[in-house]
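I opened this structure for a first look today. My notes follow in the order in which I looked things up.

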Amino acid sequence: MALVLVGINHKTAPLQVRERVSFTKRRIKESLIELKQKDFITGAVILFTCNRTEIYIESKEKREEGKEQIIKFLYGSRDFTEDDFTRYFYTLEDVDLIGHLFRVASGLDSQVLGENQILGQVKSAWMLAKELGASSAMLDKVFEKAINVGKQVRMETKISCGNVSIGSVAITMLERKLKDLRGKSILIIGAGKIGTLVSKYLKERHSKGIFVSNRTYTKAKELASACKGIAINFDQLKDKLIEVDAVISSTASPHFVLRKELLLDVMQLRKKPLLIMDLALPRDIDPEVKNIPDISLFDLDDLKSIIEENYARRKKEIKFAEAIIQMELSK
């Protein structure tokens, strides 16, 4: 038996490459079922977030054979070449895999050091695999332990002190670009986890107006109610884009939510610049939008400068977190 991981993340590949390996929830379910049906696999878990795609498997075959099969599964259907795989992907086995997962769950491998959302994402990935009968006894042990280690690191260190999330980093950038948010109106597209976090931060900053749009209108209404904002139907987006000061988009759509043609029309009707933050993977906003005059478009990879500031404040906690991880790994 062997544990094998094939992955790609924000450290190894730029956004335009990472989004080629993105998964919808439906696709994750289909892939887990497909993987479990392969003769060489005992169990599988797929961890997909805005900054990583990782497939964990327990393989019956020799390590190299099992690894080769999972590599073919992951990149063979996504039009990657062998050179792409060598450049952007990583593979880990057994103890190295377990140590990596401990670090992921602890927030040490996140784009925002110490962020809390990844712990829930690790648990959700494992729970989904269990629900579908795709996990295995060994993977169950490894993921359960990783979740416990992630909790322990956060309890015993200050790695997660303060606002540590993509949402909080995005708000920091928004404040720097727009100055005081009190007099600004913001449109949030997407009522998922990041949209919820962003709305919370905007409410705390007493933004002039918070507007929420989502393909499922009832979810938009729920989030708008929680942040004292206003829900907007998707077919009203153009009108609202003409009015607001900024847009923060983070949906699970496999296609662009805002296309260049729409925003060209919007900018002809606006009388001021528009700031757009695309926090989705795959991206919500057509990257060609960057070429439209008076639009400033930022994506996940553009948050690096603020993320580095957060890292500088928390990096002294890494050695304490690593000590916990090494102790639990040796057990």
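**Entry 1: G150**

I started with G150, which counts as buried at 0% relative accessibility. Buried means under 20% relative accessible area, exposed over 50%, and partly exposed in between, with a 1.4 Å probe and protein chains only. The model is predicted: local features need pLDDT of at least 70, side-chain atom pairs count only at pLDDT 80 or more, and totals for chains, interfaces and linings use all residues. Residues are numbered from 1 along each chain as its sequence is written, and side-chain values use heavy atoms, with hydrogens and water left out.

I placed G150 in helix α7, residues 137–156. Helices here are DSSP runs of H or I with at least four residues, strands are runs of E with at least two, and both are numbered from the N terminus. What does G150 touch, leaving aside neighbours within four places in sequence? I found A105, S106 and L119 in contact with G150. Contact means heavy atoms within 4.5 Å. I also checked F102 against G150: they are 48 residues apart in sequence, and their C-alpha atoms are 6.7 Å apart in space.

**Entry 2: the antiparallel sheet**

Next I traced an open sheet of four strands, in the order β2-β3-β1-β4, with antiparallel pairing. Two strands pair if DSSP finds at least two bridges between them. Axes are lines fitted to C-alpha atoms, for helices over the stretch in contact, and angles run from 0 to 180 degrees between N-to-C directions.

Helix α2 touches β2 and β3 (52–59), and its direction makes about 160° with that of β2. Helix α7 touches β1, β2 and β3, at about 135° to the direction of β3.

I went on to the strand pairs. β2 and β3 form a hairpin with two residues between them. Eight bridges join this antiparallel pair, β2 and β3. I41 has S59 in β3 as its bridge partner. β1 (residues 2–9) runs antiparallel to β4, joined by four bridges. V6 stands opposite T91 in β4. I checked cover too: nine of the nine residues of β2 are buried.

**Entry 3: I28**

I picked I28 in helix α2, residues 25–36. Is I28 buried or exposed? I28 is buried, with a relative accessible area of 10%. Not counting residues up to four places away in sequence, I28 touches F23, I46, F48 and L128. E261 is 233 residues from I28 along the chain, and their C-alpha atoms are separated by 32 Å.

**Entry 4: the parallel sheet**

I found an open sheet of six strands, ordered β7-β6-β5-β8-β9-β10, with parallel pairing. β7 (230–232) and β10 (295–299) are at the edges, each with a single partner strand, so one side of each has no neighbour in the sheet. Neighbouring strands of this sheet are turned by 20° against each other on average, direction ignored.

I looked at β5 in more detail. Five of the five residues of β5 are buried, so this strand is largely enclosed by the rest of the structure. S185, L187 and I189 point one way from β5, while I186 and I188 point the other way. Five bridges join β5 to β6, which run parallel. S185 stands opposite G209 in β6. On the β8 side, four bridges join β5 (residues 185–189) to the parallel strand β8 (residues 246–249). There I186 has A246 as its bridge partner. Helix α9 (residues 193–204) lies across β5, β6 (209–213) and β8, running at about 165° to β5.
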